[in-house]
Amino acid sequence: MSKQAVSDTKTANGQTPVAYDPQYILMVKDLKKHFPIKGGMMSQTVGWVKAVDGVTFNLKRGTTMGLVGESGCGKTTTGRTILRLSGEKTGGAVLFNGQEVYDLSAKEMRALRPKMQIIFQDPFSSLSPRLPVGEIIGEAVREHKLVPKEKFNDYIDEVMDNCGLQPFHKDRYPHEFSGGQRQRICIARALALNPEFVVCDEPVSALDVSIQAQIINLLKDLQEKYSLTYLFISHDLSVVEHISDTVGVMYLGNLVEYGAKTDIFRNPLHPYTKALFSAIPIPDPQAKMNRIVLEGSIPSPANPPSGCKFHTRCAHCMQRCKEEAPVQREVEPGHYVVCHLYDQ
């Protein structure tokens with residue numbers, strides 16, 4: 001399907017298409033991913049876990065979007081659903097360069113795979129212990145025939161050098177490396193396919209702070225050199241502030257606030273965003289922190305509250321919040337929030 005045709009025809013599942021804007025490499029509209037809950041003797045579906053329940057955002061080329069939120073809010077599932085790694089979506093649209101990802105055939109999706117890559121959270125479990133590093137990085141390059149055979153070794157050496165790895169590392173196995181070096185291998189594996197878009201799924205959460213800084217700087221250098229676009233998933237707000245251009249805040253499968261990094265950190269709007277930011281440590285022992293403590297636990301995504309999903313933990317809860325789900329509103333240019341407090 002051509003890029004121009006996207007805005008004029010219906011998608012394969014009959015949904016109204018999203019108008020394509022060339023400045024965005026990725027356009028996500030009302031994305032949903034629900035997982036069935038099986039029960040009973042016949043293993044019938046007795047409910048659904050609404051892991052992603054209506055996520056909407058656009059991502060400009062060559063920029064980084066940080067996706068933050070508590071554990072279990074659906075950040076990783078959002079990234080995997082965008083890449084079509086979690087089976088079929090439940091609803092919504094995912095446009096990559098104007099193409100609906102879920103309309104592509106298996107052959108078309110295979111051709112698109114090199115352009116959409118992922119860096120996993122745990123580098124050790126995502127690397128095959130039976131393959132040397134050179135084969136791990138070059139396996140997909142050989143499979144997709146990205147470079148001629150005679151240039152293969154030089155190409156892998158160049159990719160490894162760009163990621164801070166030495167050529168003699170090619171014959172070593174993952175267990176012979178430190179955590180930071182393993183993550184460099186994962187980055188090299190993704191970079192070797194010459195991608196346009198990379199999902200970084202908490203790539204530094206398992207590393208020491210000093211190593212985190214090295215990996216973050218490496219990602220920024222590679223982005224500048226190869227014009228990469230990142231979806232950076234993390235729960236560390238200081239890391240997100242350092243690397244991101246735009247920020248999305250997730251809660252229980254929904255994007256509750258979205259906008260430019262400067263707007264989000266300067267003027268957080270949603271009560272949940274304010275509570276998250278109040279927990280950021282201040283590097284001043286004399287400073288007094290006005291911590292906002294959220295009472296209660298996160299509701300189950302299999303049985304979310306009616307109305308606004310955050311109302312059970314919100315200090316500003318109104319009767320309307322318990323009955324009516326809020327919609328996304330643009331409070332200031334490019335700054336969106338999903339909260340009844342900002343209804344006109």
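**Aromatic pairs and a sheet**

Modeller: Phe310 has a relative accessibility of 2% and counts as buried. Keep in mind that this is a predicted model.

Biologist: And Tyr272, buried or exposed?

Modeller: Tyr272 is buried, at 0% relative accessible area.

Biologist: How many aromatic pairs are there in total?

Modeller: The count is seven aromatic pairs. One of them is Tyr258 with Tyr336, which is stacked, with 6.1 Å centre to centre and 25° between the planes.

Biologist: Where do Tyr258 and Tyr336 sit in the chain?

Modeller: Tyr258 is in strand β10 (residues 254–260) and Tyr336 in strand β12 (residues 335–338), 78 residues apart. Tyr258 is buried at 11% relative accessible area, whereas Tyr336 is partly exposed at 25%.

Biologist: Which rings form a cluster?

Modeller: Phe57, Tyr258 and Tyr336 are linked into a cluster by ring pairs.

Biologist: Switching to the open sheet, what is the strand order?

Modeller: The four strands run in the order β2-β1-β4-β5, with antiparallel pairing. The edge strands are β2 (44–60) and β5 (99–100), each pairing on one side only.

Biologist: How many bridges join β4 and β5?

Modeller: Two bridges, in the antiparallel sense. Phe96 stands opposite Gln99 in β5.

Biologist: Which helix lies across β1, β2 and β4?

Modeller: Helix α2 (residues 75–82), running at about 115° to β1.

Note on methods: Residues are numbered from 1 along each chain as its sequence is written. This is a predicted model: local features need pLDDT of at least 70, side-chain atom pairs count only at pLDDT 80 or more; totals for chains, interfaces and linings use all residues. Side-chain values use heavy atoms; hydrogens and water are left out. Two strands pair if DSSP finds at least two bridges between them. Contact means heavy atoms within 4.5 Å. Axes are lines fitted to C-alpha atoms, for helices over the stretch in contact, and angles run from 0 to 180 degrees between N-to-C directions. Rings of Phe, Tyr and Trp (its six-membered ring) pair if their centres lie within 6.5 Å; planes under 30 degrees apart count as stacked, over 60 as edge-to-face and the rest as tilted. Buried means under 20% relative accessible area, exposed over 50%, partly exposed in between (1.4 Å probe, protein chains only).
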